[in-house]
Amino acid sequence: MASSLSLQCCLISILFGSAFAQLSENFYVTSCPQANTIIQSQVKSAVAKEARMGAALLRLHFIDCLIGGCDGSILLDDTQSAIGERTAFVNGNSTIGFEVIDSIKAQLEKACPGVVSCADILAVAARDSVVMLGGPSWTTPLGRRDSTEAHKDLADTLVPVFLGDVSTQIGAFAMKGFNKNEFVALAGSHTVGLARCQFYRKRVYEAKNIDPTYAASLQANCPKEGGDNNTAPIDSTTPFVFDNAYFVNLMKQKGLLNSDQQLYTGKGGPTDAIVANYSSNQQAFFDDYAKAVVKISKMEVLTGTHGEVRTNCRRANGATN
């Protein structure tokens with residue numbers, strides 16, 4: 001069960017600070033001018049090969065930023081002395097795309113050795129993934145550096161927020177300077193991607209605020225017992241297209257996750273009007289989404305002499321295992 005709202009906000013406050021770093025879109029203009037082109041090419045190839053990879057790369061960036069800041073820590077492998085973030089509850093069995101980042105990093109190391117950080121790769125890959133899936137583009141500020149250690153303990157502290165209701169999550173993001181519009185826009189990331197049965201089972205069998213036909217269609221792949229890792233698209237209409245169908249579905253009580261459907265109650269809830277606007281005005285969603293993603297991508301980053309630029313995204317420089 002989720003804890004109280006005040007606890008959620010305190011936990012989030014520990015996880016990522018509200019300061020937003022000063023970065024520059026021109027950071028690599030002289031040191032690695034081909035950086036954006038290399039990343040874009042690799043992302044296009046990966047998404048063309050496997051459509052769900054676009055959502056996966058977007059999620060990697062978000063999870064990285066939400067756990068200790070946008071510092072590439074999500075990419076670190078376990079070592080003999082430290083456990084990485086991948087096995088944390090919020091990531092277990094659902095975070096993929098590491099091989100794509102490895103491929104991008106390898107190409108960048110050939111072109112510009114030791115220059116482009118893994119954290120920046122995640123930020124650019126997320127943007128390019130959204131574009132590949134039909135969504136908006138935005139100017140990505142660069143200059144992040146990589147952490148030398150993972151934040152597994154912080155990832156575990158995020159669990160109550162991850163499992164909390166929408167009020168909890170809105171409150172947590174408000175503590176970081178995000179308003180309700182920005183939060184709902186970011187929730188629109190669920191217009192692409194999949195969710196595991198264990199996270200929507202209770203809703204499809206017990207919820208009253210779900211379309212009965214939609215619920216029945218999900219039960220076959222999500223039995224009452226077993227099948228925890230079976231997946232369903234969060235947006236059942238256009239699961240691999242970045243559009244506003246997620247919000248249209250919420251207005252029809254076809255939200256897969258309980259926290260999603262809570263964004264639209266149909267009874268004058270705190271975010272009902274925002275969802276209604278985005279459902280009928282895709283451009284408004286795109287505009288707000290792009291601004292919110294840039295904002296989240298600047299939280300608690302390492303710059304200057306802090307951190308490092310890893311040559312291998314899976315381990316800190318100088319690490320032996």
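Thr-238 is partly exposed, because its relative accessible area is 22%. The scale here: buried is under 20% relative accessible area, exposed is over 50%, and partly exposed is in between, with a 1.4 Å probe and protein chains only.

A word on the source. This is a predicted model, where local features need pLDDT of at least 70, side-chain atom pairs count only at pLDDT 80 or more, and totals for chains, interfaces and linings use all residues. Residues are numbered from 1 along each chain as its sequence is written, and side-chain values use heavy atoms, leaving out hydrogens and water.

Back to Thr-238. You will find Thr-238 in the loop between strand 2 (231–233) and helix 12 (245–251). Helices (H or I, at least four residues) and strands (E, at least two) are DSSP runs, numbered from the N terminus. Setting aside neighbours within four places in sequence, Thr-238 contacts Thr-191, Asp-243 and Ala-245. Contact means heavy atoms within 4.5 Å. The side chain of Thr-238 also makes a polar contact of 3.1 Å with the side chain of Asp-235. A polar contact is a pair of N or O atoms within 3.5 Å; within protein, one must be able to donate a hydrogen and the other to accept it, and residues adjacent in sequence count only if both atoms are side-chain atoms.

Is Thr-191 buried or exposed? Thr-191 is buried, at a relative accessible area of 0%. Thr-191 sits in the loop between helix 9 (180–187) and strand 1 (194–196). Beyond four places in sequence, its contacts include Asp-235, Thr-238, Phe-242, Asp-243 and Tyr-246. Side chain to side chain, Thr-191 and Asp-235 form a polar contact at 3.2 Å.

What does the record say? UniProt, in an unreviewed entry, lists Thr-191, Asp-235, Thr-238 and Asp-243 under "binding site". These four span 53 residues in sequence, yet no two of their C-alpha atoms are more than 9.8 Å apart, so they gather at one spot. A caution: UniProt positions follow the numbering used here, feature names are shortened, and annotations may be inferred rather than shown by experiment.

Next, the disulfides. How many does the structure hold? Four. A disulfide is called here when two cysteine sulfur atoms lie within 2.5 Å.

Take Cys-65 and Cys-70. Their sulfurs are 2.0 Å apart. The torsion about the S-S bond is about 120°, so this disulfide is right-handed. Both cysteines are buried.

Then Cys-118 and Cys-313, with S to S at 2.1 Å. This link is left-handed, with -100° about the S-S bond. Cys-118 lies in helix 5 (residues 118–132) and Cys-313 in the segment after helix 15 (282–296), so the pair ties together parts that are 195 residues apart in sequence. Cys-118 and Cys-313 are buried too.

Now Cys-197 and Cys-222, joined at 1.9 Å, S to S. The torsion is 75°, and the link is right-handed. Cys-197 is buried, at 0% relative accessible area. Cys-222 is buried as well, with 0% relative accessibility.

Last, the pairing pattern. With the bonded cysteines of the protein chain numbered in sequence order, the pairing reads 1-4, 2-3, 5-8, 6-7.
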